[in-house]
Amino acid sequence: MRLITFRLDGIKLEHIFSGISKLIIEYQVALSQLTEDIKSKTIPITYENVVSKLDEIVFPVQHSLQLVESLGATNNNPAWRLILSRLVTKLLRAQSEHLYSNAEIYGALHKVLLQLDPQDELKRGVVEQLLDEGWSNGAALASTAAGKAEPCSSCSTPHFPHKNGKDNCRKSLSQLSYLRSELTKTENMFEQMVTNSAYVSTPETISQASITGRYDNARRIGAHLPGFLTNVLVPNSPGYIPVAESDLSPSAPYWFPYALGGKQEGGYFKDMRVNLSIDKSANMFLCHCSNRELRQVVWRALVQRASQRTFGGSSGQHASNDGRIEQMRRLRAQVASTMGAPDWLSLVWRRTATSGRGPSSPDALVDEVLEPIRKKLFSLGKIEWRILNEWAEPHLRISPSLEHYDIAYAIEQYNFTMSLAPGSSLSTDPRCRRVLPFEASVDRIFERLGDLFGLKVVRLPPGAGHATRLCIADSVSYEVVDADRRGVKLGEILVNLNSKHHFGAASFDNVTPVPLVTRFPLPSKSPSPVAAEVSIACMFGNLPSDAIRIGLSEIEALDIASAFGRCLQHVVSRTPSYAFTGLTTPMPGASFAGSTGGIPVRDNAFLTQDLIRLLLIRSGPMRQAIFGDALGDSGTNCVVVNNAHGISRVMALPFLRILYESRFDLELWAGGQSAWKTWHALSESLWLQHMPYAYHPDDHWACSALGIFGSRGIPGMRYFEVWRQVIALDCLSAFTEAGFEKQWDAQQVKDLFTRYRKTVLDPGTALSCRDIFQAFRGRDPLPDALLKTFDVSHKLLRRSAFSSNPVPSEVVATQQI
């Protein structure tokens, strides 16, 4: 199969779409040929003839899509994301129909699994994950319907669990196909309604009145807009909420005005607007907007998108997503029943049994992780809520109490103020001083961090490496070599940290690591010379020009170091990371039966990135050794926090919100009493359990929750953000137990880095997340380290700095370690 290799400096969208569409057709034809070969028995069933052949078939389209997605991380053209979304949808549909629903390929993979030696963990891990994807798409059901079910008593998980006979399995397959079609239509309509309602008021929304049924609301909304927003009703307006430079607080990142579409002219920014169709942009704006009236407008528009409060009237019942949520719940319950599961969550966890994502069951997740964290944090959240209200009145001039649209802003400003060293300002804080020479510091960070993991990371001469071959302008190539294996080259990291005015809107970070090219499993058969032997990661940045010209600050160096960890995770892995095939998704995703999109990441996808950041934050001597002597004494004071107001950082309130959304997502798809409650009732009852302030009647955030209900959403997996922090802090605790905080370069700590390399980095996606963590830690993850983090954060004074009321002794007790 021919592989498209892009020249990144002259790529055109029409070439992308036509080229990859052709690859998808070739992919389908190749899978059909493999199926015929298996059915006719013209090839022996072996790992090389089946799994390796699948690698050859999948890789070209995977490689090309990975390149396009990587480019999207720094491309602010909306058409680019639209093209990528459509291509991914086409591939997901193709792989569902021709690969993961294929009974012949499923049966062949099962035969391969039975042939493999139990000690060959990497190969068995890949095959088991492919079988899981097939089971979740109904391949086992199709095999039973065709009379091709095989005994698998030796397997830990039954791969042919359906015992209803051929006729009943055929009926189930037909029902599954119908349900998938209905879910696809419902999810697509859900997304369309979110998009259609993602504006406060525009001519476009009025022209769509015949579809949405909200003409009256659109016509009358002008009366409810503040005067400075009336220009959004101008016919030539693009429909986004206009923002002035004075509306942004000092906490806003350097690149944020560019992320809002601003252009710098005459020393100030103009034409900034909030795009309500991008959640991250709007939510970030709420954190940094000092204009309270504008915050209220943005917040109300954001939380009411696609809800009946937006559309209104009897016609709004059909246009809004309120009823569509209940429809999806019913359809997914029917999918679970068709697949032989009592409810959707049981189906989700059956899918993750082999891959080992998260706790062993939904009940274990709630009882052993989410609920202990909630109990700990709820009392802390009450303290934070009170202190935040007391602090906001004199510092933010918000009285008498915070409204819902103030909360994100107040938390961000409190944490921003408290993070500054006592007695310093943003300009005088030692962590913001530009004392680290740019090139020398980046070289040193890569070299020193590589040494910790037994790797040699060196800058290549100009013109060498893949940066030139891929035509990525202004980038520098770093070679990653295994120092323990006679200089075997593992991959390259391409670095481009120059200021990019278009960058922030696409990534919303100072530095963004991107997996660019995945090495082909069999170099001799690689369809691309670029990916013949090595994997390539990119590190794109949007650092200010002063960072390049004068030097890096400590905070910027920390961003670069943690992004380096994400690049290592991709480059070092001995098993390819197939983002679009399911091998990186040990959970329902890709083309899961009843969940038509969604490509979630593995638990350990960000583990190295998170771990490096945590280690550097915890140890001043390590920061100075990694970043350089130019850091000076500031390196030992980076984590000194301002405790003047009782708590060093508001952490419990935002975390409680994540817990609330995670529990809401779980209860939506569970059986029992939850199945009989409306989503409104579930949302309000869970809010009372998790949040220390009242539920706002206008908050209908679920009606635009694309991460749960959209075509790329992953229902039942919202808890990923909690689990990511649990495993990262648990891994950190292993280093703490080894004496890291006393002597970061002690031999016991060095041995632990080596162990991490062998157990986490090397296996990559071949082994399950649970097996990888157990190999490193010797047990399953525990939330204890996360809970201790909140203890450390809440170094309460006996009295609040703003109130004469003492903190209750029983509450203080909850803060003690």
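Buried means under 20% relative accessible area, exposed over 50%, and partly exposed in between, using a 1.4 Å probe and protein chains only. The model here is predicted, with local features needing pLDDT of at least 70, side-chain atom pairs counting only at pLDDT 80 or more, and totals for chains, interfaces and linings using all residues. Residues are numbered from 1 along each chain as its sequence is written, and side-chain values use heavy atoms, leaving out hydrogens and water.

**View 1. Two cysteines, Cys731 and Cys703, are buried.** Cys731 has 1% relative accessibility, so it counts as buried. Cys703 is at 0%, so it gets that label too. As for disulfides (cysteine sulfur pairs within 2.5 Å), the structure has zero.

**View 2. Helix α30 meets helix α32.** The axes of α30 (residues 720-737) and α32 (residues 769-777) come within 11 Å and cross at roughly 15 degrees. These two helices are therefore roughly parallel (angles under 35 degrees; over 145 is roughly antiparallel, 65 to 115 roughly perpendicular, the rest oblique). On the α30 side, the residues in contact (heavy atoms within 4.5 Å) include Cys731, Ile727 and Phe735, while α32 brings Phe773, Phe776 and Arg777.

**View 3. Helix α25 meets helix α31.** Here the axes of α25 (residues 607-618) and α31 (residues 747-761) come within 12 Å, crossing at roughly 160 degrees. That makes the pair roughly antiparallel. Leu607, Thr608, Leu611 and Leu615 of α25 touch Phe753, Tyr756, Val760 and Leu761 of α31.

Methods
Axes fitted to C-alpha atoms, helices over the stretch in contact; angles between N-to-C directions. Helix = DSSP H or I, 4+ residues; strand = E, 2+ residues; numbered from the N terminus.
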